[in-house]
Amino acid sequence: MENNSLLRTDKELAELYQRHVDQVYRLCYIYLKNPVDAEDAVQSVFVKLIKSHTVFNDHEHEKAWLMVTTRNYCKDVLKNWWTTRRVALNALPEVSSWNGHEPSGKVLARLLSLPEKYKTVLYLYYFEEYSVKELSEMLGHKESTIQTQLSRGRKRLKIDLGGSYLE
């Protein structure tokens with residue numbers, strides 16, 4: 001006996017992929033700092049989705065599931081391959097292929113150089129437009145911790161970009 005509520009049609013999968021592939025890629029790229037590795041990670045995340053029997057309540061639920069799965073997958077990749085697969089920041093591709101809302105190459109390079117806890121919350125907050133409350137639930141930290149990480153991350157990014165801490 002088949003339970004159709006757990007199965008997704010090819011059309012549903014294609015629509016889900018189209019809705020979220022850019023966000024998943026950008027998050028993979030933020031973590032892995034390499035377009036080839038990011039593309040591989042995107043493929044792996046969507047394969048996990050296809051194999052998953054998760055039933056989503058709405059588009060926000062599926063987006064949150066994909067963001068958490070992507071983050072976890074990328075962290076696993078970094079744990080397994082960190083010592084052998086590094087990319088220098090000056091090897092980053094031109095950002096001109098991204099849409100106009102993305103940071104300049106200098107800002108992106110600085111964001112990528114921040115510690116994980118800062119770059120993750122800054123990226124998800126500013127580029128994926130998650131609220132502090134949503135980030136708290138996704139990342140498993142208190143809202144005050146997320147706010148502190150956002151504040152400290154902004155300060156570090158500002159200093160790295162040549163601004164003064166006191167400005």
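The structure is a predicted model, in which local features need pLDDT of at least 70 and side-chain atom pairs count only at pLDDT 80 or more, while totals for chains, interfaces and linings use all residues. Residues are numbered from 1 along each chain as its sequence is written, and side-chain values use heavy atoms, with hydrogens and water left out.

E129 sits in the loop between α5 and α6. Once neighbours within four places in sequence are set aside, E129 is in contact with L124 and E134, contact being defined as heavy atoms within 4.5 Å.

**Overall composition**

The protein chain holds 7 helices and 0 strands, so its order from the N terminus reads α-α-α-α-α-α-α, given that helices (H or I, at least four residues) and strands (E, at least two) are DSSP runs numbered from the N terminus. Of the 167 residues in the protein chain, 39% are buried. The chain exposes about 10,200 Å², of which carbon and sulfur atoms supply 50%; accessible areas come from the Shrake-Rupley method with a 1.4 Å probe, and for residues only the protein chains shown count as cover. Among contacts between residues at least 6 apart in sequence, 64% join residues at least 24 apart.

**The nonpolar core**

The largest nonpolar core has 40 residues, and those with the most contacts inside it are V24, F46 and L124; such a core is a set of buried Ala, Val, Leu, Ile, Met, Phe, Trp, Tyr and Cys residues joined through side-chain atoms within 4.5 Å. At least two residues of this core come from each of α1 (10-32), α2 (35-51), α3 (59-81), α4 (105-113), α5 (116-126), α6 and α7, and the largest share, 10 residues, is supplied by α1. In soluble globular proteins, nonpolar side chains tend to be buried together.

Not counting residues up to four places away in sequence, F46 touches L16, Y17, H20, V21, V24 and L66. One of these partners, H20, belongs to helix α1 and counts as buried at 4% relative accessibility. With the neighbours of H20 within four places left aside, H20 is in contact with F46, H59, E62, K63 and L66.

K33 lies in the loop between α1 and α2 and is buried, with a relative accessible area of 17%. Phi of K33 is near 60 degrees, a positive value in a residue other than glycine.

| Helix pair | Axis distance | Angle |
|---|---|---|
| α6 (residues 132-139) and α7 (residues 143-160) | within 8 Å | roughly 110 degrees |
| α5 and α7 | 9 Å | about 100 degrees |

The angle makes α6 roughly perpendicular to α7, and α5 and α7 are likewise roughly perpendicular to each other; angles under 35 degrees count as roughly parallel, over 145 as roughly antiparallel, 65 to 115 as roughly perpendicular and the rest as oblique.

In the contact of α5 with α7, K117, Y118, V121, L122, Y125 and Y126 of α5 meet I146, Q149, L150, R152, G153, R154 and R156 of α7, a set that divides into 7 nonpolar, 2 polar and 4 charged residues. On the α6 side, V132, K133, L135, S136 and L139 meet E143, I146, Q147 and L150 in α7.

How values were computed: Axes fitted to C-alpha atoms, helices over the stretch in contact; angles between N-to-C directions. Buried < 20%, exposed > 50% of the residue type's maximum accessible area, 1.4 Å probe, protein only. Nonpolar A, V, L, I, M, F, W, Y, C, P; charged D, E, K, R; others polar.
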